[in-house]
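Please walk through this model with the sequence at hand.

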Amino acid sequence: MSLAITYSRALAGLHAELVTVEVHLANGLPAFNLVGLPDVEVREARDRVRAAIQTAGFEFPMRKLTVNLAPAEFPKESGRFDLPIAIGILVASGQLPAERLKGLEFAGELGLNGDLRVVRGALAMAMAAARDEHTLVLPKASAAEAARVRSAQVLAANTLLEVAAFIAGRHTLDSPEESAQIEPPRYPDLLDVKGQTQAKRALEIAAAGRHSLLMTGPPGTGKSMLAQRLPGILPPMAEGEAIESAALLSLVGKFKPEMFGTRQVRAPHHTASAVALVGGGSDPRPGEISLAHHGVLFLDEVVEFDRRVLEVLREPLESRAINISRASRQVTFPSHFQLIAAMNPCPDGYLGANLAARPCRCTPDQIARYRGKLSGPLLDRIDLQITVPALASESLRAAPDGEPSAAVRQRVVAASERQLARQGKTNADLSPVDIDQHCALDEHGEQLMRQAAARMGLSARAQHRICRVARTVADLAGAERIGVAHLAEAIGYRRMES
């Protein structure tokens, strides 16, 4: 009898659980038993591993073979366990030495010819291996992705034979070279937007403080055009933010090394389901709000989404995370996204447009039902709510060019740096305790806030959000304290006009 132990990782959200792969050989009729709550993909490893071992020129043991994936209480999925199972079999059968396995972790799907294929979640596995000070052996394509975690020790291999030669001491595996950083994508420029001074100002405030924004206006006023230009004025991502974003994309196989450090912009269609938005499935995967982590979630024609779908946004907008519970496991995905939404003011879209050729024919009841698709609690969680008016053709043609995105981005970056230096987080993330400390109002400001709360029926949450926005307005102006003018501008962004 003989026993071999190798290590791999199973993914549970961004957390990668260490899995011990135990391989036991015993006398008896030839059999290959796989235990430890494997799913269909893992159970199919028996045929892939057998073919890969034989193709690589090794002998597959014709004995009673048992492979245990421990701990057994959570499911194991995907083909990443092929490589550690194959190595364990070769060590248990005496074809490879066991001494070189110390401190090593393996992950990789095997082809029938022994080639190693890419696996999902390489970044999450690399982060976990780095914490445990282990060396991670991965397929070459996945190793290039994992190399983004600078503290991780990653080795790349193309085939099972290369990994076996490395363990036997006859071959060395190279660390992958980090892909060269390419220039960031070219976003549309704010210079293209004629007029809409207030909307562009709101967009700048939203970018500076990472605030959520709702734009209401008739068709063709530039709501989508403005939203497309938001990524071009956002501050650059910190390295930790970039790794978290890339790790989430890696979980669904959508990470591209050349896009590392680029803020994701997710724009799901209004037919998207609640599961598509928040994530889920029997093997929970991140949804759109998590794929937009540290990026932008743009919901165009937001009232066309099913109301039950929109309501799932309420919790992650507050907690910045989404908890998915299934019978077999519970997973938490981070969802620190910036919500940008756009909608028409009424069903036909022309309320307030003042167009003689297209007058609005919606009744008050129709308008109320249309706007009622956005619940009060959800609106209460949106920091900035503005109207994007229709512009007459004469004023549109005569409107001067605005500022380019580069100039606006400089102010946004400066305001963002002030926030991080003062409180270590963006203004949109200020807690009630932080608001008391960093958003204190003077006597005139308190009086203005009381008047606004009484006249507009503002909740305590809405008042906190006004203070956060006012803090961002002050940061853009370079002011240390929030003035009455800053507060008045922030209050003006809390009421949608007809």
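Helices (H or I, at least four residues) and strands (E, at least two) are DSSP runs, numbered from the N terminus. Axes are lines fitted to C-alpha atoms, for helices over the stretch in contact, and angles run from 0 to 180 degrees between N-to-C directions. This is a predicted model, in which local features need pLDDT of at least 70 and side-chain atom pairs count only at pLDDT 80 or more, while totals for chains, interfaces and linings use all residues. Residues are numbered from 1 along each chain as its sequence is written, and side-chain values use heavy atoms, with hydrogens and water left out.

Start with the helix pair. Two packed helices are described by the angle between their axes and the distance between the axes. Helix H19 (residues 443-456) and helix H21 (residues 484-491) have axes that come within 9 Å and cross at roughly 15°. H19 and H21 are therefore roughly parallel to each other; angles under 35 degrees count as roughly parallel, over 145 as roughly antiparallel, 65 to 115 as roughly perpendicular and the rest as oblique. Contact means heavy atoms within 4.5 Å. On the H19 side, the residues are His444, Gly445, Leu448, Met449, Ala452 and Met456. They meet Val484, Leu487, Ala488 and Ile491 in H21. This contact divides into 8 nonpolar, 2 polar and no charged residues. Here Ala, Val, Leu, Ile, Met, Phe, Trp, Tyr, Cys and Pro count as nonpolar, Asp, Glu, Lys and Arg as charged, and the others, Gly among them, as polar.

Next come the sheets. Two strands pair if DSSP finds at least two bridges between them. An open sheet of 5 strands runs in the order E11-E14-E17-E10-E18, with parallel pairing. Strand E11 (265-266) and strand E18 (384-387) each have a single partner strand and stand at the edges, so one side of each is left without a neighbour in the sheet. Helix H7 (residues 197-209) packs on this sheet. H7 touches strand E10 (213-216), E17 and E18, and its direction makes about 165° with that of E18.

Which residues cover the two faces of E10? Leu213 and Met215 lie on one side, Leu214 and Thr216 on the other, and all are buried. Buried means under 20% relative accessible area, exposed over 50%, partly exposed in between (1.4 Å probe, protein chains only). E10 is joined to E17 by 4 parallel bridges, and to E18 by 4 bridges, also parallel. Leu213 stands opposite Ile340 in E17, while its bridge partner in E18 is Leu384. Further along, 4 bridges join strand E14 (residues 296-299) to strand E17 (residues 338-343) in parallel. There, Val296 has Gln338 as its bridge partner.

Now the open sheet of 3 strands. Its order is E5-E8-E9, and the pairing is parallel. Strand E5 (104-106) and strand E9 (153-157) are at the edges with a single partner strand each, so one side of each lacks a neighbour in the sheet. The twist averages 30° from one strand to the next. Strand E8 (residues 135-139) is joined to E9 by 5 bridges and runs parallel to E9. Thr135 stands opposite Gln153 in E9. Helix H4 (residues 122-131) lies across E5 and E8, running at about 165° to E8.

Finish in a loop. Lys256 lies between helix H9 (239-251) and E11. Lys223 is 33 residues from Lys256 along the chain, and their C-alpha atoms are separated by 29 Å.
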